[in-house]
Amino acid sequence: GFGAAAWKVAPRDSFIGWTPQERQRNLRLIVNNARFLILPWIEARNLASRILSLAAKRLPQDWQIRYGYKPVLVETFVEQERFRGTSYRAANWIHVGETQGRGKLDRYHRHALPIKDVYVYPLQKDFRRRLLALPESG
């Protein structure tokens, strides 16, 4: 499943190199891969990385049709204690760091959530330029 990107993710934001204003303006150009599951009894060589690669190729066109614009980057979070992120690495996603275990509702810095690895996948070669750009006038 794909959806809206996380508001603030230090490793991702550092990887992009944007300011808070640039993030606010262009965050919509990032899509979050919120769910990815292949049931354990399914056995097919390279299935996970192939699905991730096919989804990344299809996502920009589907997003354009549904929302009227193409995203330039996909992010995902992999819980360290439960998973290794092997499928994402095999599909050439880039590990950019890890979360602090806070989540979007942790206003009091309790760090009560599991630590997750942060992976990103550029959908366009010039993704940084697009994420740092001013909105196109139309």
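## Contacts around Arg23

Contact, as the word is used here, means heavy atoms within 4.5 Å. In this predicted model, and not counting residues up to four places away in sequence, Arg23 touches Trp7, Lys8, Arg12, Asp13 and Trp18. Arg23 itself is found in helix H2, which covers residues 20-26.

Since buried means under 20% relative accessible area, Arg23 counts as buried because its relative accessible area is 8%.

## The sheet and its order

The model has an open sheet of five strands, arranged in the order S1-S2-S3-S5-S4 with mixed pairing. Its edge strands are S1 (2-4) and S4 (94-98), each of which pairs on one side only. From one strand to the next, the twist averages 35°.

Strands of a sheet pair through backbone hydrogen bonds, and they may do so either parallel or antiparallel. Strand S1 and strand S2 (residues 30-33) run antiparallel and are joined by three bridges; within this pairing, Phe2 has Asn33 of S2 as its bridge partner.

Helix H3 (residues 47-67) packs on the sheet, where it touches S1, S2, strand S3 (73-79) and strand S5 (116-122). The direction of helix H3 makes about 50° with that of S1.

Val9 lies in the loop between S1 and helix H1, the latter spanning residues 10-16.

Not counting residues up to four places away in sequence, Val9 touches Phe77 and Val118.

## A nonpolar patch on the surface

Leu37, Leu39, Trp41 and Ile42 form a nonpolar patch on the surface, and together they have about 460 Å² of accessible area. One of these residues, Trp41, lies in the loop between S2 and H3.

Residues are called exposed when their relative accessible area is over 50%, and Trp41 is therefore exposed, with a value of 62%.

Note on methods:
Residues numbered from 1 in each chain as written. Predicted model: local features only at pLDDT ≥ 70, side-chain atom pairs only at ≥ 80, totals over all residues. Heavy atoms only, no water. Helix = DSSP H or I, 4+ residues; strand = E, 2+ residues; numbered from the N terminus. Buried < 20%, exposed > 50% of the residue type's maximum accessible area, 1.4 Å probe, protein only. Pairing = 2+ DSSP bridges. Axes fitted to C-alpha atoms, helices over the stretch in contact; angles between N-to-C directions. Patch = residues over 30% accessible without salt bridge, like charges linked within 9 Å, V, L, I, M, F, W, Y side chains within 5 Å. Areas by Shrake-Rupley, 256 points an atom, 1.4 Å probe, with all protein chains shown as cover. Salt bridge = Lys/Arg side-chain N within 4 Å of Asp/Glu carboxyl O.
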